[in-house]
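User: I've got a structure here and I'd like to go through the labels it carries. Can you take me from the values to the wording?

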Amino acid sequence: MNIEQIQLKNYRNYSELNLSFDDKINVIIGENAQGKTNLMEAIYLLAFTKSHRTPREKELIRWEQSYATIKGHINKRNRTFPLEIILSAKGKKAKLNHLEQKRLSDYIGALNVVMFAPEHLSLVKGSPQIRRRFIDMELGQIQPAYIYHLGQYQKTLRQRNHLLKQMQRREKQDLAMLHVLTDQLVQHAATLLERRFTFLDLLRKWASPVHRSISRGKERLEIKYSPTIEVSESANREKLETVYTNKFHELQEREIERGTTLAGPHRDDLIFYVNEKNVQTYGSQGQQRTAALSVKLAEIDLISSEVGEYPVLLLDDVLSELDDHRQSHLLNTIQGKVQTFVTTTSVDGINHDTLREAELFRVADGVTRT
């Protein structure tokens, strides 16, 4: 899988941009604040329909312009097709093969992307929200239907929280409606959790050997899922629904007092262990970074095993954050098999055959030249 060409119009600091890419390594060089990350963000948005940097889409439209477009020509399974995102004050449109897709689950997965940026080094030590987002984005790529179930869960969760807030303030006491929303939430929660357990099995399979290799065999990585209910990862859908139903019955009074939903996938977490110690709490910065790098590299093979082709890899200013050993391991892993986009202020100091064979693009003030 690779991106053959991208076109931007009125996107961030780009007035117009039209680039064709090498199917292996593309290095975007430039000083800070010139547009390197904006280009990476555009590729990410083309895959996921949303930015990894901001939820405010109006920020993506060039100053004093009414719209922005991102167009890409994607080669997947030996056929080329167009993707397009249109941003305007009226909202966002996502087109696949020139046809607008009303549901995200019909669009996401057309282009598979793995992004690795400095903030992703906080995957291990950062907040649970970061890890939940990681699961949702990566699982959504290989199972687009997951995006639909996630959206339904979030919609029901908002409705339930709104009702709980009203009941907390004694503006409304509608237990019958609360039970209806709880039943709906349970169904979606069970679906999400069942699929997350399956995804975690795959992640462990690919991340553990990568981590062992990076640590030169000295460390063993374990990843555990930490749900808000007590349940085995082998539990079937029916069991999950039963446990969630009992949990919400147990929590009902507390949830009304607090005015919010206290259990569910929106409160779950991933816990990383290195040599049986919680690396989030007790690990060194080096161990935390190795764990994060292992997970990111595992994503590449995980997606390939599920969709049949390697995803596109975005390395946004991350090489400078890694020491020589981790940097070499990353570049050796991708060499020759993954279309990769690398942003950097300079290739000086990065001594690797992969980058010497790369297509170079230089960015200055929203203008890119080869």
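User: Where does N275 lie?

Analyst: This is a predicted model, by the way. N275 lies in the loop between β10 (269-274) and β11 (277-278).

User: And why does N275 count as partly exposed?

Analyst: Its relative accessibility is 38%. The partly exposed class sits between the buried limit of 20% and the exposed limit of 50%, so N275 counts as partly exposed.

User: What is the phi of N275?

Analyst: About 50°, which is positive although N275 is not a glycine. E276 also has a positive phi, about 70°, and is not a glycine.

User: Where is E276, and what makes it count as exposed?

Analyst: E276 is in the loop between β10 and β11. With exposed meaning over 50%, the 59% relative accessibility of E276 makes it exposed.

User: N275 shows up in contacts too, I think. Which residues does E219 touch?

Analyst: Not counting residues up to four places away in sequence, E219 touches H211, R212, V274, N275 and Q287. E219 itself is in the loop between α4 and β9 (221-226).

User: Is E219 buried or exposed, and how do you know?

Analyst: Buried means under 20%, and E219 has a relative accessible area of 18%, so it is buried.

User: What joins the side chains of E219 and Q287?

Analyst: A polar contact of 3.0 Å. The limit for the N or O pair is 3.5 Å, so 3.0 Å for E219 and Q287 falls within it. In sequence E219 and Q287 are 68 residues apart, while their C-alpha atoms are 9.1 Å apart in space.

User: Q287 again: which residues is R326 in contact with?

Analyst: Leaving aside neighbours within four places in sequence, R326 is in contact with I214, G286, Q287, T290 and L293. R326 lies in helix α8 (residues 324-334).

User: Why does R326 count as buried?

Analyst: The relative accessibility of R326 is 15%. Buried means under 20%, so R326 counts as buried. Its side chain also has a polar contact of 2.8 Å with the side chain of T290.

User: How about another arginine: where does R362 lie, and what makes it partly exposed?

Analyst: R362 lies in strand β14 (residues 359-364). From R362 to P209 it is 153 residues in sequence and 36 Å in space, C-alpha to C-alpha.

User: On to the helices. Why are α3 and α4 called roughly antiparallel?

Analyst: The axes of helix α3 (residues 144-168) and helix α4 (residues 175-214) cross at roughly 150° and come within 9 Å. Angles over 145 degrees count as roughly antiparallel, so α3 and α4 get that label. The crossing of α3 past α4 is left-handed. By class, this contact has 15 nonpolar, eight polar and three charged residues.

User: What makes α4 and α5 oblique?

Analyst: The axes of α4 and helix α5 (residues 237-258) come within 9 Å and cross at roughly 135°. Roughly perpendicular stops at 115 degrees and roughly antiparallel needs over 145, so α4 and α5 are oblique. Their crossing is right-handed. The contact of α4 with α5 has 12 nonpolar, six polar and three charged residues.

User: Last one. What does the side chain of Q101 reach?

Analyst: The side chain of Q101 reaches the backbone oxygen of L99 at 2.9 Å. Q101 lies in the loop between β7 (99-100) and β8 (113-116). Leaving aside neighbours within four places in sequence, Q101 is in contact with A94, L96, D106 and Y107.

Note on methods:
Residues numbered from 1 in each chain as written. Predicted model: local features only at pLDDT ≥ 70, side-chain atom pairs only at ≥ 80, totals over all residues. Heavy atoms only, no water. Axes fitted to C-alpha atoms, helices over the stretch in contact; angles between N-to-C directions. Helix = DSSP H or I, 4+ residues; strand = E, 2+ residues; numbered from the N terminus. Parallel < 35°, antiparallel > 145°, perpendicular 65-115°, else oblique. Left-handed = near helix turned anticlockwise from the far one by under 90°. Nonpolar A, V, L, I, M, F, W, Y, C, P; charged D, E, K, R; others polar. Buried < 20%, exposed > 50% of the residue type's maximum accessible area, 1.4 Å probe, protein only. Polar contact = N/O pair within 3.5 Å; in protein donor to acceptor, adjacent residues only side chain to side chain. Contact = heavy atoms within 4.5 Å.
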